[in-house]
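Subject: Structure handover and notes

Hello,

Here is the structure I said I would pass on. My notes on it follow below.

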Amino acid sequence: MIKLYKLSKSFGGPRMALRGLDLQIPRGQFVFLTGPSGAGKTTFLKLIFRELLPSEGHVIVGGRNTAQIPQRYMPFFRRTIGVVFQDVRLLQRKTVFENVSLVLRIQGVPRREQKKRAYAVLKQLGLGHRMIAFPRELSGGEQQRIAIARALINEPKLLLADEPTGNLDPELSLEIMEIFHEINRRGTTVVVATHDRWLMDNFPDARRIHLVRGQQAEWKGAGRAEGGDG
């Protein structure tokens, strides 16, 4: 699913955000991307999503070199990837249905199909009854589940999550991670960036890729760390 070859990323200055990464994430794997603040986790995810391009090396996603994808094909490429942020980025003046189905509207999907697909994914996350609610009427955990629903509406092959539980309490964090785990069991490759060791220890069978100063390093905590393709 994901292959990185001698990947480096610099934003100028003496320090590189990522340096010389060589690793693979097979299709269907559940991965925790971990490391201290500034380790390069967000940059890693942005390179996979093609929000950034590498300074050196190659990023291969689904068999395609992201640097070689023409701009006109980027919307098609990104339809295969769902992205969840710590900041849920919901449109406050839009209903839950409108937030979740936004990408379908952009694609020109008929409204009836939008409603069908939005309800299906919201029901999967226990929020089928919240279609006409506004974000301000939702709890923090519900808002994060709406953000997950929005990321899943296109049935992506790959789900990326950047510190998705950073603003939630431990109980809600575990609930959100269980949702990701269930999504993974259905065949979606999941990569979650987090520094929450307690949360990771609740999923000891997940692979861990540990970054320190932009490089892959040995994991020193409990659980299983891996390099290579696992």
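Glu163 is buried, at a relative accessible area of 11%; buried here means under 20% relative accessible area, exposed over 50% and partly exposed in between, with a 1.4 Å probe and protein chains only. Glu163 is not a glycine, yet has a positive phi of about 45 degrees. Its place is the loop between strand 7 and helix 7. Helices (H or I, at least four residues) and strands (E, at least two) are DSSP runs, numbered from the N terminus.

Before the rest, two remarks on the source. This is a predicted model, in which local features need pLDDT of at least 70 and side-chain atom pairs count only at pLDDT 80 or more, while totals for chains, interfaces and linings use all residues. Residues are numbered from 1 along each chain as its sequence is written, and side-chain values use heavy atoms, with hydrogens and water left out.

Lys6 is another non-glycine residue with a positive phi, about 45 degrees. It belongs to strand 1 (residues 2-9) and counts as exposed, because its relative accessibility is 58%. As background, most residues other than glycine have a negative phi.

Helix 7

Helix 7 covers residues 170-185; at 1.5 Å a residue its 16 residues should span 22 Å, and the end C-alpha atoms are 22 Å apart, so the two agree. The expected span is 1.5 Å times one less than the number of residues. The buried residues in helix 7 are Ser173, Ile176, Met177, Ile179, Phe180, Ile183 and Asn184. They cover an arc of only 145 degrees around the axis, which means that they are on the same side of the helix; the arc is taken from the directions from the helix axis to the C-beta atoms. Glu171 and Arg185, on the other side, are exposed.

The buried residues of helix 7 pack against strand 3 (30-34), helix 5 (111-124), helix 6 (140-152), strand 7 (158-162), strand 8 (189-193) and helix 8 (197-201), where contact means heavy atoms within 4.5 Å. At the N-terminal end, Asp169 caps helix 7 with a side-chain oxygen 3.2 Å from the backbone nitrogen of Glu171. After the helix comes Gly187, with a positive phi near 115 degrees.

Rings

Rings of Phe, Tyr and Trp (its six-membered ring) pair if their centres lie within 6.5 Å; planes under 30 degrees apart count as stacked, over 60 as edge-to-face and the rest as tilted. By this rule there are four aromatic pairs. Phe30 and Phe32 form an edge-to-face pair, because their ring centres are 5.3 Å apart and their planes are at 80 degrees. Both residues are buried. Phe30 and Phe203 have ring centres 6.4 Å apart and planes at 20 degrees, so this pair is stacked. It links distant parts of the chain, 173 residues apart: Phe30 is in strand 3, and Phe203 is in the loop between helix 8 and strand 9 (207-212). Phe203 counts as buried at 6% relative accessibility.

Arg208

Arg208 is in strand 9 and is buried, at 0% relative accessibility. Its side chain has a polar contact of 2.9 Å with the side chain of Asp201, and also reaches the backbone oxygen of Met200 at 3.1 Å. A polar contact is a pair of N or O atoms within 3.5 Å; within protein, one must be able to donate a hydrogen and the other to accept it, and residues adjacent in sequence count only if both atoms are side-chain atoms.

Regards
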